[in-house]
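Here is a short tour of a protein model, written for someone who likes to know the cut-offs behind each term. Have the viewer open and follow along.

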Amino acid sequence: MPIASTRSPDALTTDQVERLRLVVLRLSRRIRTNSVDELTPSQQAVFASIAKNGPATIGRIAELEHVQPPSASKIVASLEARGLVERRSDPDDRRCSLIAATPSGLTYLDEVRAAGRSWLAAQLTELDGADVGALAAALPALEQLVAAEA
């Protein structure tokens, strides 16, 4: 969506949008690198999607993650080799497999998320109360941005 050239009181400037983009990317990268996760970003995204959305076909996973089915299949194979996901027969269509998170995969995901939360919580203690409050106030808007893409 293009950014308006005239600024209304509640609009961000092009520079602010760029700063927001960079800070979100960098923060996400730092959370990932300071957690116990050993997956690539693509593997993380696919695995989190499977864990969140439940068992799905390769085609559905590809659709959810905006990748081609062969790419999704390759990523799922790597997750399966690590024991994080498993293939199950689809009760509605025996020709298809459903990919589901394994119990050990869900435990792994919980550990990764806990490590990321811990790191982020420690970083937040370095901010003053007003900044933490501003971040808390921004959460609904940021969540709307993410939900709009889903």
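## His66 and the model behind it

His66 counts as exposed because its relative accessibility is 62%; buried means under 20% relative accessible area, exposed over 50%, and partly exposed in between, with a 1.4 Å probe and protein chains only. You will find His66 in the loop between helix 3 and helix 4. Helices (H or I, at least four residues) and strands (E, at least two) are DSSP runs, numbered from the N terminus. The phi of His66 is near 55°, a positive value in a residue other than glycine.

A word on the source: this is a predicted model, in which local features need pLDDT of at least 70 and side-chain atom pairs count only at pLDDT 80 or more, while totals for chains, interfaces and linings use all residues. Residues are numbered from 1 along each chain as its sequence is written, and side-chain values use heavy atoms, with hydrogens and water left out.

## The largest nonpolar core

The largest nonpolar core has 19 residues, of which Phe47, Ile50, Ile61, Val76 and Leu79 touch the most other members. Such a core is a set of buried Ala, Val, Leu, Ile, Met, Phe, Trp, Tyr and Cys residues joined through side-chain atoms within 4.5 Å. At least two residues of this core come from each of helix 2 (41–53), helix 3 (58–65), helix 4 (69–81), strand 2 (93–101) and helix 5 (103–124). Helix 4 gives the largest share, four residues.

Leaving aside residues up to four places away in sequence, Phe47 touches Leu39, Leu79, Leu84, Val85, Ala101, Gly105, Leu106, Tyr108 and Leu109. Contact here means heavy atoms within 4.5 Å.

## Helix 2 against helix 3

Helix 2 and helix 3 pack at an angle of about 110°, and their axes are 10 Å apart. Axes are lines fitted to C-alpha atoms, for helices over the stretch in contact, and angles run from 0 to 180 degrees between N-to-C directions. The two helices, helix 2 and helix 3, are therefore roughly perpendicular to each other, a label for angles of 65 to 115 degrees.

In this contact, Ala45, Val46, Ser49, Ile50 and Asn53 of helix 2 meet Ile61, Leu64 and Glu65 of helix 3.

## Thr57 in the loop

Thr57 sits in the loop between helix 2 and helix 3. With a relative accessible area of 24%, Thr57 is partly exposed. Thr57 touches Cys96, Ser97 and Leu98, not counting residues up to four places away in sequence.

Definitions and conventions: Parallel < 35°, antiparallel > 145°, perpendicular 65-115°, else oblique.
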